[in-house]
Amino acid sequence: MSRNKYLIPLILVTSLFFLWGFAYGLLDVLNKHFQETLNISKTRSTLLQGAYFGAYFLIALPAGIFMNKYGYKKGIILGLLLYAIGAFLFYPAAEQLSFNFFLIALFILASGLACLETAANPYVTVLGSPETSETRLNLSQCFNGVGSILGPTIAAFLFFGGNKAHQGNLDSVKIIYVLIGIVVLFIAGFFLKTPLPEIKESDIVSSQELDKKPLFEHSNFKFGVVAQFFYIAAQVGIAAFFINYCTESNTGIQNAKAATLLSAGLVLFTVGRFIGTALMRVFAPNKLLTAYALINVLLCVIVILNKQWISVYALLAIFFFESIMFPTIFALGLKDLGHHTKKASSFLIMSIVGGAIVPVIMGLVADKYSTSTSYVVPLFCFLVVAWYGWKGYKVNAGSSEEQEPLKIVFRH
């Protein structure tokens, strides 16, 4: 009965994952597009990531407070409205050819996404059995990957498919963001008319003692914030300089083909999420997280060595093994937090600020040395993620009983 009760809300909320995946997919192609149309450096172009992920840092906690008072549904509607406003502001920004105006529009849009993620991620984890929260969130996040594929695919066609983009014409940017704003407003109206169940997280915690503990005494949450910071830093940096890496790899790859390869990487990312969701029925999520992170460390080494097509293929493979990291860290970080869940979600979303800070470091390294050398930064980030999957995820650090729930869950 409970599964049927939560099925429609789960499907509806999962649609939101597609929306922010699409927005993020556009971002990395915009990075390269603005370098050329607005004549900005690689380092300055990373301000797009700064505005986008900086909004997550600033808005996530207020969004969590808002949801604590008004519930998940109103938090989602607020996020959709901010998303639409930011999208519509891209039109005047393009009219003025103003990079700073684009940053403002993107910040507002991303503020909406921060509200959506602060609401949707924890909501999916509580819409059903606590034991399968990691699998459920990974499945919902698969549709984030689908949106991330369509974003750069459409952007590659509109931005690099003809001569207009290279002449500084941003008409294609106006069109796509106005359409996004209209679609998002339509979905906001749909949510207004649809009832969503409110879940009391304290009722589904495995132990009332855990529910009573102060939030920052939950080690899986504290270390989850750190791991999420470094994971997002790696993900954003890798994607932000993907096109630059490909075009500088001495393989003859041009912008349009590099953007298409980025779409291929995001296909691998999405496929990896579906496969990872299936694997979590056999392997404990934390073990899969550790294995994937260590594989990406090795792939980053190949990327840094800059062996032309071999390194490009390694860069593509990183996307596959990134796939499960965000939702797995998120779900492990929220496990058994009880009434702290919404607040903890805010901090986990705030940790996405890693995507605003670390790509700037990559940009500085790329400008001073080379784009390939800059990939030493995500290599370090994946080492942190590997440690979280190995030890940091534990609900009560040092207890021999922590891993039992995971062993039980994924044999169903």
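Student: In this predicted model, how far apart are the end C-alpha atoms of helix 12 (residues 285-305), and what span should its residues give?
Tutor: Helix 12 has 21 residues. At 1.5 Å a residue, they should span 30 Å. The model agrees with that, because the end C-alpha atoms of helix 12 are 31 Å apart.

Student: Which residues of helix 12 are buried?
Tutor: Buried means under 20% relative accessible area. In helix 12 that group includes Pro-285, Asn-286, Leu-288, Leu-289, Thr-290 and Tyr-292. Also buried in helix 12 are Ala-293, Asn-296, Val-297, Leu-299, Cys-300 and Val-303.

Student: What is the phi of Asn-306, and where does this residue lie?
Tutor: Asn-306 follows helix 12. Its phi is positive, near 55°.

Student: How do helix 11 (residues 255-279) and helix 13 (residues 309-322) cross, and at what angle?
Tutor: The axes of helix 11 and helix 13 come within 6 Å. The crossing is right-handed. Its angle is roughly 40°.

Student: Which residues make that contact of helix 11 with helix 13, and how do they divide by type?
Tutor: Helix 11 contributes, among them, Leu-261, Leu-262, Leu-268 and Phe-269. From helix 13 come residues including Trp-309, Val-312, Leu-316 and Phe-319. The residues of the contact divide into 13 nonpolar, 2 polar and 2 charged.

Student: Is Leu-261 buried or exposed?
Tutor: Leu-261 is found in helix 11. Its relative accessibility is 14%. The cut-off for buried is under 20%. Leu-261 therefore counts as buried.

Student: What does Leu-261 touch, and what separates its C-alpha atom from that of Leu-316?
Tutor: Leave out residues up to four places away in sequence, and Leu-261 touches Phe-242, Cys-246, Ile-253, Val-312 and Leu-316. Leu-261 and Leu-316 are 55 residues apart along the chain. Their C-alpha atoms are separated by 7.9 Å.

Student: How many salt bridges does a search of the whole structure find, and which side chains meet in a salt bridge at 2.3 Å?
Tutor: Side chains of opposite charge can pair when their charged atoms come close. The search finds 1 salt bridge. At 2.3 Å, N to O, the side chains that meet are those of Lys-174 and Glu-95.

Student: Which helices does the pair of Lys-174 and Glu-95 link, and how accessible are the two residues?
Tutor: Lys-174 lies in helix 7 (residues 171-192) and Glu-95 in helix 4 (residues 72-96), 79 residues apart. Lys-174 is buried, because its relative accessible area is 12%. Glu-95 counts as partly exposed, at 49%.

Student: What is the phi of Leu-97, and is this residue buried or partly exposed?
Tutor: Leu-97 sits in the loop between helix 4 and helix 5. Its phi is positive, about 50°, although Leu-97 is not a glycine. With a relative accessible area of 45%, Leu-97 is partly exposed.

Student: What span should helix 5 (residues 99-126) have, and how many of its residues are buried?
Tutor: At 1.5 Å a residue, its 28 residues should span 40 Å. The end C-alpha atoms are 40 Å apart, which agrees. Helix 5 is mostly covered, and its buried residues number 24 of 28.

Conventions. Residues numbered from 1 in each chain as written. Predicted model: local features only at pLDDT ≥ 70, side-chain atom pairs only at ≥ 80, totals over all residues. Heavy atoms only, no water. Axes fitted to C-alpha atoms, helices over the stretch in contact; angles between N-to-C directions. Helix = DSSP H or I, 4+ residues; strand = E, 2+ residues; numbered from the N terminus. Left-handed = near helix turned anticlockwise from the far one by under 90°. Contact = heavy atoms within 4.5 Å. Nonpolar A, V, L, I, M, F, W, Y, C, P; charged D, E, K, R; others polar. Salt bridge = Lys/Arg side-chain N within 4 Å of Asp/Glu carboxyl O. Buried < 20%, exposed > 50% of the residue type's maximum accessible area, 1.4 Å probe, protein only. Expected span 1.5 Å × (residues − 1).
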